[in-house]
Amino acid sequence: MSRVQFGIRLHDVKGCTLEEKIENAKCQGFCCVHLALSKVMGEIPSGDGALTPGYAMYVRKLFERAGLDIAVLGCYLNLAHPDEKELQKILDHYKAHIRFAALLGCGVVGTETGAPNADYRYEPACRSEEALQGLIRNLRQVVEYAEKMGVVVAIEPVAKHIVYSPERARRVLDEIHSPNLQVILDPVNLLDETNYPQQDTVIEEAIRLLGKDTAVIHLKDYRPEQGTIRSMAAGTGQMDYRQIMKFAQTQKPYIQATLEDTTPENAVSARLFLEAEAEKIKKI
């Protein structure tokens, strides 16, 4: 039996309602989900004012009834937004998600690390020291609130965002220096058109620098196409999973690992592929 608990992004699961998606995730053999409220709640409000304790209790009961955990409550907004009014709204949104996560029994609020523009797009300034310090300043406020609520905020390094490398993520962790700030490790997100031929080195470095602070793993595959990296369901590209699976199996007992970029048609085959990869590690 694998020591990894495999889950899925709930918005990648078939169904028109939250209840249908939860049931389908269970039927497909997953044990946890990545929940992005705005992408799964349909006509039900998911704004800050709607995130009441009663709403949290309702959602929590649905997942408990299905025997599914909420591995991550996603809040993927731009923590480096240059407009102060918009930034304050974003910070308030993160705090609302942290409160909601505490009531849900979900220990992790997940986020990426943004870009220093209103469009959340890559530009050379993403790699500047100024952008990094701005992100740290804003993220610190979110983490301090998470400390009060007993929730972990986990940043997800992405090659095209401000935290684009394992070294950059390590700096953020060290400068904020809080047990309530950890990492969602997605190996494919660390790859781009310049470094994918060295994927083993990139992943090895990520595990070395971020392994002890990794709370959740994201799993998908990739293929280089037309000068960029296209992500896809696990087992359909050229990702080598041996390092990340060995890390998960030997250093992170029963860590939750959610699949990304699946469809309802290939989600089960992606899960079975990853379970087989995990079993191979146990036999080495």
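Modeller: A polar contact is a pair of N or O atoms within 3.5 Å; within protein, one must be able to donate a hydrogen and the other to accept it. The structure discussed here is a predicted model.

Biologist: Which residue has a side chain joined to that of glutamine 256 by a polar contact?

Modeller: Glutamine 256 is placed in strand β10, residues 256–259. Among the residues that glutamine 256 touches, leaving out those up to four places away in sequence, are Gln5, Cys32, Ala71, Val216 and Ile217. The polar contact between side chains has a length of 3.4 Å, and the partner of glutamine 256 in it is aspartate 69.

Biologist: Is glutamine 256 buried or exposed?

Modeller: A residue is called buried under 20% relative accessible area and exposed over 50%. The relative accessibility of glutamine 256 is 17%. Because this value falls under the cut-off, glutamine 256 counts as buried.

Biologist: Where is asparagine 117 placed, and which residue has a side chain that joins that of asparagine 117 at 2.6 Å?

Modeller: Asparagine 117 is found in the loop between β4 (108–111) and α5 (129–149), and at 6% relative accessibility it counts as buried. A polar atom of the asparagine 117 side chain lies 2.9 Å from the backbone nitrogen of tyrosine 120. Beyond four places in sequence, the residues touched by asparagine 117 include Asn78, Ala80 and Pro82. The side chain in polar contact with that of asparagine 117 at 2.6 Å is that of glutamate 123.

Biologist: How do the axes of α6 and α7 run relative to each other, roughly parallel or roughly antiparallel?

Modeller: Two packed helices are described by the angle between their axes and the distance between the axes. For helix α6 (residues 166–176) and α7, the axes come within 9 Å and cross at roughly 10 degrees. Angles under 35 degrees count as roughly parallel. The crossing angle therefore makes the relation of α6 to α7 roughly parallel.

Biologist: How many nonpolar residues does the contact of α6 with α7 have?

Modeller: On the α6 side, the contact includes Pro166, Ala169 and Leu173, which meet α7 residues including Val202, Ala206, Leu209 and Leu210. The contact has no polar and three charged residues. The number of nonpolar residues in the contact is seven.

Biologist: Which elements do the buried residues of α6 pack against?

Modeller: The buried residues of α6 are Pro166, Arg168, Ala169, Arg170, Val172, Leu173 and Ile176. Just after the helix, histidine 177 takes a positive phi of about 50 degrees. The buried residues of α6 pack against α5, β5 (152–155), β6 and α7.

Biologist: Which residues of α8 are buried?

Modeller: Helix α8 spans residues 242–251. The elements that cover its buried residues include β1 (5–9), β6 (181–185), α7 (199–210), β7 (214–219) and α9 (267–282). The residues covered in this way are Ile244, Met245, Phe247, Ala248 and Gln249.

Biologist: How many disulfides are counted?

Modeller: A disulfide is a covalent bond between the sulfur atoms of two cysteines, and the pair must lie within 2.5 Å to be counted. For cysteine 16, the nearest cysteine sulfur, that of cysteine 27, is 16 Å away. For cysteine 106, the nearest cysteine sulfur, that of cysteine 32, is 10 Å away. The count of disulfides is zero.

Biologist: What is the relative accessible area of cysteine 16?

Modeller: Cysteine 106 counts as buried, at 2% relative accessibility. Cysteine 16, by contrast, is exposed, and its relative accessible area is 71%.

Key
Residues are numbered from 1 along each chain as its sequence is written. This is a predicted model: local features need pLDDT of at least 70, side-chain atom pairs count only at pLDDT 80 or more; totals for chains, interfaces and linings use all residues. Side-chain values use heavy atoms; hydrogens and water are left out. Buried means under 20% relative accessible area, exposed over 50%, partly exposed in between (1.4 Å probe, protein chains only). Helices (H or I, at least four residues) and strands (E, at least two) are DSSP runs, numbered from the N terminus. Contact means heavy atoms within 4.5 Å. Axes are lines fitted to C-alpha atoms, for helices over the stretch in contact, and angles run from 0 to 180 degrees between N-to-C directions. Angles under 35 degrees count as roughly parallel, over 145 as roughly antiparallel, 65 to 115 as roughly perpendicular and the rest as oblique. Ala, Val, Leu, Ile, Met, Phe, Trp, Tyr, Cys and Pro count as nonpolar, Asp, Glu, Lys and Arg as charged, and the others, Gly among them, as polar.
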